[in-house]
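This briefing looks at a few local features of the model shown below, and then at the place where two of its chains meet. Please keep the sequence and the structure in view while reading.

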Amino acid sequence: MTTVSPLTSKVAIRTENVCRHYAMGESLIRAVDGISISIPSAEFVALLGTSGSGKSSLLNLIAGLDRPTSGAVLVEGNNLAALSREALARHRLRTVGMVFQSFNLIPSMTVIENVELPLRFAEVDRSQRDSLAREALERVGLSRRLDHRPSELSGGEQQRTALARALINRPKLLLADEPTGNLDSHTGTEIMNLIREFNESLGMTVVMVTHERALAEQYAQRLIFLADGKLVDDQPNVVAAGAPSQGGRA
Amino acid sequence: MKAYDLAELAVRNLRESVLRNSLTTVGISVGVASLVAMLSLGIGLQQMATRRLVRSGLFDTVVVTSRRDLRNFNRNDDAGGLDPAQSPVLDEPSRQKIEQLPNVVEAYPDLRFITSFTFEDKPHLTMAAGVPFSYKTNDAFEGIQGSFFSSDMASEVILQKTFAAELLGKTQKPGTEETPVAELAKPLVGKEMTMRYQEKIDVPPASDVNGSAPSESAEAATTYSIQSHELKLRIVGVTDLDPDSMRGPVRARILLPLKLLQSLHVMQPTGMRDTTQATSKTPTYSTVSVRVKNPGKIQLVEDSIKKMGFNTFSILDATRSVRRFFTVLDLFLGIFGSLALAVASIGIVNTLVMAILERRREIGIMKAIGASDIDVKKLFFAEAGVMGALGGALGVALGWTIGRVINLGTNVYLRSQDLAPEQIWFVPWWLVGSAIAFAIVVSLLSGLYPAARAARLDPVQALRYE
């Protein structure tokens, strides 16, 4: 179904006929309904679709936040459907970093505490945590107001904090669910540039959920369209204005 | 997650809703306080009772008699013992040997005799006894007017109140009110009286100048002479003791320091019989009272004295039943005290379940960034544990204060009734430690359900929830 570039032949994510069905009262909701995709390492993929198309559900399956009803989700060679709850938590901790539309920072914690929270779960020593967190924050361009709480920050600063938190354990995957949805276009661009930078300089595989086609075309290398839980289109991004030349995709 | 991270996060979370968590903690502390107050009251009462029993001397005393003395307390026990004729004599070396036994505090002879005392030129015939100096700290003389003997060899006497009344010519007539001890003591204390007594002087056979025929038995080779003496004694106190009480040394109407009495070699009622057995120069006693370190060691000491060939007697079972009574009392007080803690534990469950609802999103975030079920569970446990520890510490302090106040109130009342103050309440260190530990355990148990519920929370649901 997909053309795999020879340069990025290593597969980061592969789903095999994956389904996620919910029972809602009497009716069955097929949030994800038999999707098979393969995403090579270091690719920047946008999942597009309208609200309720199943794009976020698919992202949650890849993130290990949810388990498929049937089918397989393979991330870095591990079938998430077969992992224990503990192993799935480890997958979320080590393999993926996530950013959300609503930032999802912990309001009672300062910026630096939010960023180093995953390190606590990873049982990293207190002495190392601070320097690692500052390093990550520097990478996202946030070096001031580290002792402020999220409510005292602008949306852009909050999303930078969330990005730093996503990076702190050096995951291979960055999963972003509408990362610019709550930001003005200028700040949104800054955040998108940062995501693209991680994709390019750190070689992170990026899967971004968005409903804005223009945004996807501007940054992603590949566009996957979903509707009613089904895959409707999967194409390389031919517009990719800002995208660098990667294996003749432009 | 590491322990200190866990503790730090727990404290941080508790601080986020200070009011609710403080109220829950206060609930725990009230529970712990009631438990501590109840148990410390039980312990205090038990200590008071045992202290009284120990001080009464009834429960830590073994009475030793010679098997040769056939006027024994418990004859039935002696059936299998040594033949009285072959058993050892209860003399000074035996007394010293008994005193050397482990767990024995002291062993003193029971010295008593009937003799005449002259007070203001009037003679009175009565029973006198020697009191060991250790009785100074004993509650036997709690009701004394005047003072105890100034030393073990002082020429001083303490009068029993009925004898004091007799001296003053105030003998109680049936149906009339008893004269208070203080009133009896006032005209007597400081005055002198004279004791007449017979000193028994052993005379070795070699110096037997009276030319009495030598006995056939070598044992009977000792003879003795008797000399009359007078001794001036100062009255130092009057006691309200019952002359018929269980306490050997005070079962007399006139009391002298034991050491003084021993040095006088007074001819005793048993002396006549001793002359027929005619042993040695060392004094022989009819009874030796042995004070044991604590009532629990009575049996041990009794056994070792029996092995020496003497008869023993003690009141042992009484302390056992007293201890059993207090165990049951403590149990009941503990159960009542725990009720409040049980109510408090429901408070913990409620607070933590509320915290889950409130922090749904936060739990979802933590799971999304890599927290495992166990991490989340531990975090809720830590919060319950911190509340338990704080509540426990606070509760112990509160319980201690409540106990203090009860104690103070009781003593104010006792004093108003002219009674001696008592320590009816006592908080031992082990109670402090175990009350806090118990509060933590109860809190952790209360945290079981909320923690499990938080751990099972579906992160997708939690993050969708706004």
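Predicted model: local features only at pLDDT ≥ 70, side-chain atom pairs only at ≥ 80, totals over all residues.

Asn103(B) is partly exposed, because 16 other C-beta atoms lie within 10 Å of its own, a count that falls between the limit of 12 or fewer for exposed residues and that of 20 or more for buried ones.

**Positive phi angles in chain B**

- Most residues other than glycine have a negative phi.
- Asn103(B), although it is not a glycine, has a positive phi of about 70 degrees, and its place is in the loop between helix 3 (92–100) and strand 2 (104–109) of chain B.
- Glu120(B) is likewise not a glycine and has a positive phi, here of about 50 degrees, and this residue lies in the loop between strand 3 (112–119) and strand 4 (122–131) of chain B.
- Is Glu120(B) buried or exposed? Glu120(B) is exposed, because 9 other C-beta atoms lie within 10 Å, and a residue with 12 or fewer counts as exposed.

**The contact between chain A and chain B**

- The contact is made by 18 residues from chain A and 17 residues from chain B.
- On the side of chain A that touches chain B, the elements giving two or more residues are helix 2 (85–94) and helix 3 (111–121) of chain A, and helix 2 of chain A gives the most, with five residues.

Terms used
Residues numbered from 1 in each chain as written. Chains lettered and ligands numbered in written order. Contact = placed C-beta atoms within 7 Å. Helix = DSSP H or I, 4+ residues; strand = E, 2+ residues; numbered from the N terminus.
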